Amino acid sequence: MKGIPVIRANELTRKFGAFVAVDRISFEVHPGELFGFLGANGAGKTTAMRMLSGLIRPTSGTASVLGYDVYRQSEAIKRSIGYMSQRFSLYEDLTIMENIRFYGGIYGLDSRLLAHRADEMLRQLDLELQRDQLVRSLPTGWRQKLAFAVAILHRPRLVFLDEPTGGVDPIVRREFWEWILNYVALGNTVFATTHYMDEAEYCSRLSVMVDGRLAAIGSPSELRRQYGVHDMEELFLNLATSSFT
Amino acid sequence: MNLRIIQAMIRKEFAQFFRDPANIRMLIVMPVVQLLLLPLAADYEVKRVRVCIVDFDHSQLSHELTGKISANPHIHVGCTAQSFEQALQGMERDEIDIALLIPAHFERDLVMNQNPVLSASVHAVNGQRASVGSQYLMQILADFNRKIRMQWLQLPKFNPVPLVDISHTYLYNPRMDYPSYMVPGILVILLTMVGFSLASLNLVREKEIGTIEQINVSPVRKSEFILGKLIPFWILGLVVLTLGLLIASVFYGIYPRGSVGTIYAFASLYLLAILGLALLLSAFAQTQQQVMLVSYFVMLVFILLSGLYTSVESMPPWAQMTTHLNPVAHFIVVIRMVVLKGSSFRDILPHVGAMAAMAGILLPLAIRSYRKHF
């Protein structure tokens, strides 16, 4: 039922000088999963994600993404994935349409397909009337939704989302996760980092990173049972504090 | 290379460029102001050399000499001092450039053929002014000498001094006017500064904002990225050139004697080299401040050693060697050749070769140095 893993990491490590940002992590992500990567700020989530998306090279260990090797085939990985970075990734001085045209263009979409997807997307986002407005003028929640929509414009089978809901109010956050679930329901895989523990419940499986290492991995119910906790908040606090002892 | 990707990048750059009115203002105001003001300021003609004559003779001849000096259009006799000290004080206060001392018994000595000595003290803080100013004075004195001989001395049967006179004809710039010389050069500087700073600031700004990461994680190739960043500024550079050539013709009446096509052809190549360098430097900079500082340094060296203000021939040999590697120097030579001399494309071929080599090295280097992963 699981099929070939979409992501397979083995002892993946990245050091910055003497600092070990990611310490020998091993895990697999399967097609159709919404895989959550939990951890405090600085736990190494973003570094791990950047290695998997081909933005930085691992120091050691191996990993493949969609069957491509992260060392040798990073450009092939980039062609097949979507990525939404932690920092706001749209151009604020461009309009919504100009952003869509730019990102569609650099993924090689032809103008007819692009126009079709843009219309569909703006309808879903309810931004049809604002298509010629500068992104700068949109509220944060809408911008994040737009950034996600742009990241899946080329319909990647695998999407990386780096703290997609940072600074977004709870209502928009819930909408946002429904969107992500919809995209997963189409058979795609989503890999998302977050430090909002309540969001972990949306994930089919998740892992908790503490100080560069993977402290726990499993589905939310498995983890609750295994660690005897009621929710992810409690799990996270247990794991994070135990690392100091 | 995917043309659709490059096209998407170019469209985006133009959309961003024209969104900001400050950019448009810069694109238009900078050429106009630079081309209208700088040639007027960068004028090396030494006009109004201020001379103070200290006349101890008060003879008819010394008055005649004073009159002759005052009559020269380049010289302004600002004062007639009573003592040499007084004249030197004027020089201290920067009021005069040359103090000319006419000794007592000047007329008598001259008539008695005893070779009187005039002494000129020159304010040499500004070397150019000092040397040109004293040359003017020498010419007047030589002329004065000759007339005196004719008037007062009996001419020998044959003239012992062979009278060979040099008459000058100024080719290519017959009226020796500075705008014709300076405007094309300043146009080159303008093109360089606009292209260089726009391109380098643009790339580094994307690093600062973080949008570059979104491009780095996309399938855009390094070559597509660099071309997508280069082509918009290449076009804007040619727009500035056009604007500059228009200003040169409307305000200064300077029409290139050679073909405008030759200028555009060379400028196109030149912009590839300059933008290649700008993008290469921005590959290593993390902030706009860094890239500004480095660009400022590079531009200053290029411009000072370009032959715009000082002629390359009068530089020391090592500095002359550097001009071969200086794209600005090549373009300044070329634009002066084409505008003033009417040189053809064939005449500038060596420079075309040098520029093609520079572009051929800098562009691939910029592409190589740009990093999509770390």
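Start with the aromatic cluster in chain A of this predicted model. Select F27(A), F35(A), F37(A), F160(A) and F191(A): together they make up one cluster.

Now keep F35(A) and F37(A) on screen. How far apart are the ring centres of F35(A) and F37(A), and at what angle do the planes lie? The centres are 6.2 Å apart, with 45° between the planes. That aromatic pair is tilted, because only angles over 60 degrees count as edge-to-face and only those under 30 degrees as stacked. Is F35(A) buried or exposed? F35(A) counts as buried, because its relative accessibility is 0%. F37(A) is buried too, also with a relative accessible area of 0%.

Next, select F148(A) and W179(A). Their ring centres lie 6.1 Å apart and their planes meet at 70°, so this pair is edge-to-face. Colour by helix to see where each ring comes from. F148(A) belongs to helix α5, residues 140-151 of chain A, and W179(A) to helix α6, residues 170-185 of chain A, so the pair ties together parts 31 residues apart in sequence. Both F148(A) and W179(A) are buried.

Now turn to charges over rings. Select R173(A) and Y196(A). The charged end of R173(A) sits over the ring of Y196(A), 3.7 Å from the ring centre.

Then move to chain B and select R336(B) with Y181(B). Here R336(B) lies over the face of Y181(B), and the distance to the ring centre is 3.7 Å.

Last, zoom out. How many aromatic pairs are there over all chains? The count comes to 19.

How values were computed
Residues numbered from 1 in each chain as written. Chains lettered and ligands numbered in written order. Predicted model: local features only at pLDDT ≥ 70, side-chain atom pairs only at ≥ 80, totals over all residues. Heavy atoms only, no water. Phe/Tyr/Trp six-rings, centres within 6.5 Å; stacked < 30°, edge-to-face > 60°. Buried < 20%, exposed > 50% of the residue type's maximum accessible area, 1.4 Å probe, protein only. Helix = DSSP H or I, 4+ residues; strand = E, 2+ residues; numbered from the N terminus. Lys NZ or Arg CZ within 6 Å of the ring centre and 35° of its normal.
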